[in-house]
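Please report on the local architecture of this model.

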Amino acid sequence: MSKPALQVMEGGKIPLEIGSVAEVELLELLGTGGFGSVWKVKDCHTLNLYVLKIIQGIIPGSVMVERVRLEAEVSIPSEYIVPVFGLCEWDASTFLILFEYFPGTSLDNLLATTTLTSQQKKDIFHQALLGVSDAHRHNIIHRDLKPGNILVGKDGQVKIIDFGISKFKEIGLTVSRELIGTIPYMAPELLLYGSKFADARADIYSLGQILYELTMGEHFWTRQGWRELKDFADYLKRTPKPSEGIILGDFCCDFYPKADDILLRMVKISHSDRYRSIDDVLSDLDYTPEVSTPPLDLYLRYPLLIVESGSNRDARTLVNIENGGSLILGRADIAGDDSSISRRHLELTRVGESYFVRDLGSKNGTLVRGIALEADTPPVEIIHGDRIKVGDVFLRFVFLHQM
Amino acid sequence: MPPKYIVRSETNQRSNNEDSFQILPLIPASAQTPIFVLSIADGMGGYAHGEQVSREALKKVTIALFEELTIEPSLNCIDVVSPLDANKLSQALSDAIEQANAFVGRMVEINKWGKAGTTIVVAAILENTAIVTNFGDSALFHYQANQRKLTQVTEDHTVAGALLRSEMITPEMARHHEGRSQLEFYLGCPHLPQIPIYQLQLQPDDLLLLCSDGISGSLLPEQITDILAEPFGDLENMADQLIADSISAGATDNQTLILWQHQKYFFQPLAAAKTVIQGRETTKQMLSDS
Ligand SMILES: Nc1ncnc2c1ncn2[C@@H]1O[C@H](COP(=O)(O)OP(=O)(O)OP(=O)(O)O)[C@@H](O)[C@H]1O
């Protein structure tokens, strides 16, 4: 049976198979990008509102589609992130992603049209940090954080959009080219080496730029009179070499007393000098992190790695290691032979009841709590509930009772 | 002598052709010999918007040039229009690009096309001089026949291009860079930097190659040189070869090219002007002194 043509126009109706939503009506065009369009839509049956991203021009047969699916399907439980409701493939070159609708105004609009109080700015930034931290815990990196992707509701509630879909923007997936408008928020390593190895620290850089803009009312580049990438490149080449992507100058933040130092550590040019996690930023800003208490009967349980998305979702690998021993895992052991996993990808070790993980120089890397494990660095401890991203596969490390 | 050029525009592996091109002889008010305006635009945007944007951008550029070079100088003009020189033409081209950018920006905004825009490359040929400008990654190459030398005159306004020019990445990195097709500047973008204008001196048999990135994006400069340096090559063969070779090098995007072969320019002395006064009306007649 051939599908009807996609009615991408106001009033058009699109049959979907996404969760309980069977058909939506396109209400309003919210945006168009190089990849397709973003619509406010209504479920024809329940009348609930959603946002539908229509991604067109995907190169048919691209392996990337599966990669995108792996990432977009991870659900990040967070009050501060607009959740993906589901996604489906319309045809070989078209993908539909349904998001919950969040009535709000994007932060770039707010900054342009209203004067925010210091308390409002602080609340917005705090919630943005919490949202990004939630995502990083699941090894989802945004890679495109900017005021346009931060929605603020009437009551001040913040939700971040476009999490988990930055993969669509990687080269080679869609045929269209991108008109870039967000270079000033991009971390230097992302600019130079691309998104593949960008980790949590790239988002931390963007959030630093956003903190500056929130505080000063304009982006650092605008304040410097910089209009193009070349201006930034010239700055990076100054002697002595600058170590931060921002010069404080007259920066003065009346809602975070220690903002100066924290800002500078967020926008370090070298990512190894930057904050390693949003949680560190939060605690330096004097927010107390929530600590979840591990179950008391951990010692009665078995450690497992569980696949969190994709067609192998819920597949399990037992981490069977004697005290003092180690286990090398690779493609054949996890998630049904996924090609993004190297043959010898990571090593798990056990010391007493503690478990550690180390990347063995794999091709596509390993992320733990949003940070890419670098080869030749000491193993990182993982605890119950930690997420590990191995290549493109999302795993959760848990202790469970034997079935 | 009629001008010698060839144009090609191929959809290649895309569903539609978002490239537009134009070759327009335009007679400035001050001359009888036309300047030739060659232009290519490569549109971007959802659906078919890219196609419309590239068409409208080229139209806007040529209308603006016509207005500034032909209409304005001849309006209520009783003196001999001072001849067009390279600097005036450069200014006119720069103004035309600015107008087209504002126009495209408005068009995209009003139609809610979101992130749509177009690249542009224009060469206006005035006698033995070519005035060139571009935004985005549509390029112009100048092949100097007597030296068998190819120069890419325009810069690619891509993220990779900017990083390469600043020596932040190597040419090898640039070829595989994620930002190699992310455009920093294009027509329709909110902030254009200073408009780049290049002036080239043309010798007989020199070639100008204007093309969209479906050609220049996948061929190395040496490959283009080899094709253009073909001793017995005619323009048609060269164009075929450029298209075929870029496809075999992996180009899937739309491909448009204009290949212009410069010919000896014969200077025709400007006509003398004689003022005829009839009653209260003042007119001027151009008399050819042939
Ligand atoms: N879940 C949502 N609820 C309400 N509005 C939304 C939602 N998602 C997106 N929007 C609105 O739609 C607009 C376009 O969305 P989005 O920014 O994702 O599009 P885009 O074209 O991909 O932009 P960019 O590439 O700059 O991120 C946003 O500015 C936002 O105001």
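Predicted model: local features only at pLDDT ≥ 70, side-chain atom pairs only at ≥ 80, totals over all residues.

Residues are numbered from 1 along each chain as its sequence is written, chains are lettered from A and ligands numbered from 1 in the order in which they are written, and side-chain values use heavy atoms, with hydrogens and water left out.

**Cavity**

How many cavities of 30 Å³ or more does a search of the whole structure find? The search finds 1. A cavity is a set of points on a 1 Å grid over the protein atoms alone where a 1.4 Å probe fits but cannot get out; lining residues have an atom within 4 Å of a point. Grid points are joined across faces, edges and corners, and the volume is the space filled by probe spheres set on the points. The largest cavity has a volume of about 40 Å³.

Helix 7 of chain A provides the largest share, 4 residues. Helices (H or I, at least four residues) and strands (E, at least two) are DSSP runs, numbered from the N terminus. The lining holds 9 nonpolar residues, no polar and no charged. Here Ala, Val, Leu, Ile, Met, Phe, Trp, Tyr, Cys and Pro count as nonpolar, Asp, Glu, Lys and Arg as charged, and the others, Gly among them, as polar.

**Sheets of chain A**

Two strands pair if DSSP finds at least two bridges between them. In chain A, 6 strands form an open antiparallel sheet in the order 12-11-20-19-16-17. Its edge strands are strand 12 (316-318) and strand 17 (371-372), each pairing on one side only. Another open sheet of chain A has 3 strands in the order 7-8-9, again with antiparallel pairing. Strand 7 (105-106) and strand 9 (158-160) of chain A each have a single partner strand, so one side of each is left without a neighbour in the sheet.

| Strand pair, chain A | Bridges | Example of partners |
|---|---|---|
| Strand 3 and strand 4 (49-55) | 7 bridges | A:Val41 and A:Tyr50 |
| Strand 16 (366-368) and strand 17 | 2 bridges | A:Val368 and A:Ile371 |

Strand 3 of chain A (residues 36-43) is largely enclosed by the rest of the structure, because 7 of its 8 residues are buried. Buried means under 20% relative accessible area, exposed over 50%, partly exposed in between (1.4 Å probe, protein chains only). Strand 3 and strand 4 of chain A form a hairpin with 5 residues between them. In the turn, A:Leu47 has a positive phi of about 65 degrees.

Helix 8 of chain A (residues 259-266) has A:Ala259, A:Ile262, A:Leu263, A:Leu264 and A:Met266 buried. These buried residues pack against helix 3 (118-137), helix 5 (200-216) and helix 9 (278-284) of chain A. Contact means heavy atoms within 4.5 Å.

A:Tyr256 lies in the loop between helix 7 and helix 8 of chain A. A:Tyr256 counts as buried, at 2% relative accessibility. Leaving aside neighbours within four places in sequence, its contacts include A:Lys122, A:Phe125, A:His126 and A:Leu211.

B:Val37 sits in strand 3 (residues 35-44) of chain B. Its relative accessible area is 0%, so B:Val37 is buried. B:Val37 and B:Pro25 are 12 residues apart along the chain, with their C-alpha atoms separated by 6.2 Å.

B:Asn254 is in the loop between helix 7 (235-248) and strand 12 (255-261) of chain B. Is B:Asn254 buried or exposed? B:Asn254 counts as buried, at 2% relative accessibility. A polar atom of its side chain lies 3.0 Å from the backbone oxygen of B:Thr11. The side chain of B:Asn254 also reaches the backbone oxygen of B:Asn16, at 3.1 Å.

How values were computed: Polar contact = N/O pair within 3.5 Å; in protein donor to acceptor, adjacent residues only side chain to side chain. 1 Å grid on protein atoms, 1.4 Å probe; cavity = no way out; pocket = protein on both sides within 12 Å on 5 of 7 lines; lining within 4 Å.
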